[in-house]
Amino acid sequence: MPVIGDAVLLRHLVTNLVDNAVRYNRPGGTVWVRLTGRTLTITNTGTPVDPDRADGRFEPFRRLGQDRTSTSGHGLGLSIVASIAQAHAARVTARPRQGGGLTVSVTFTGT
């Protein structure tokens, strides 16, 4: 999928999404990376996520305590993703996965 933008920033966007999906997954869990049309979707099988708090994960330093299985990180990964998406006129959303985990989608507009 062609996207006009900064290659370094776009690499950071993808790297942060995959890193978060792996880091905050459950032991033995699964991570899916999917590109459908102009939407990149990354899903993991982590612990359950409160639907009312899913989009709050894009705020800086937001680490939601008990739903995190790792103590490393500073809570900036998804905030960085949101900033990079905004700089590329993309829309980013997060929604809980039934059974636990999170699905984060980035939809790019234009070329």
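Hi everyone, and a quick word on conventions. Residues are numbered from 1 along each chain as its sequence is written, and side-chain values use heavy atoms, without hydrogens or water. Since the model is predicted, local features need pLDDT of at least 70 and side-chain atom pairs count only at pLDDT 80 or more, while totals for chains, interfaces and linings use all residues.

Let's begin with the sheet. It is open, has four strands in the order S1-S2-S4-S3, and its pairing is antiparallel. S1 and S3 (91–96) stand at the edges with a single partner strand each, so one side of each is left without a neighbour in the sheet. The twist averages 15° from one strand to the next. As for terms, helices (H or I, at least four residues) and strands (E, at least two) are DSSP runs numbered from the N terminus, and two strands pair if DSSP finds at least two bridges between them. Axes are lines fitted to C-alpha atoms, for helices over the stretch in contact, with angles from 0 to 180 degrees between N-to-C directions.

Now, who sits beside S2? On one side is S1, residues 31–36, paired with S2 in the antiparallel sense over six bridges. Arg34 stands opposite Thr41, and Thr36 opposite Thr39. The two strands make a hairpin with two residues between them, and Gly37 in the turn has a positive phi of about 60°. S4, residues 102–107, also pairs with S2 in the antiparallel sense, over five bridges; there, Val106 is the bridge partner of Leu40.

There's a helix too: H1, residues 7–23, lies across S1, S2 and S4 and runs at about 20° to S2.

Polar atoms of its side chain lie 3.0 Å from the backbone oxygen of Ala21 and 3.4 Å from the backbone nitrogen of Gly46. Leaving aside neighbours within four places in sequence, Asn44 is in contact (heavy atoms within 4.5 Å) with residues including Tyr24, Trp32, Arg97 and Leu102.

Definitions and conventions: A polar contact is a pair of N or O atoms within 3.5 Å; within protein, one must be able to donate a hydrogen and the other to accept it, and residues adjacent in sequence count only if both atoms are side-chain atoms.
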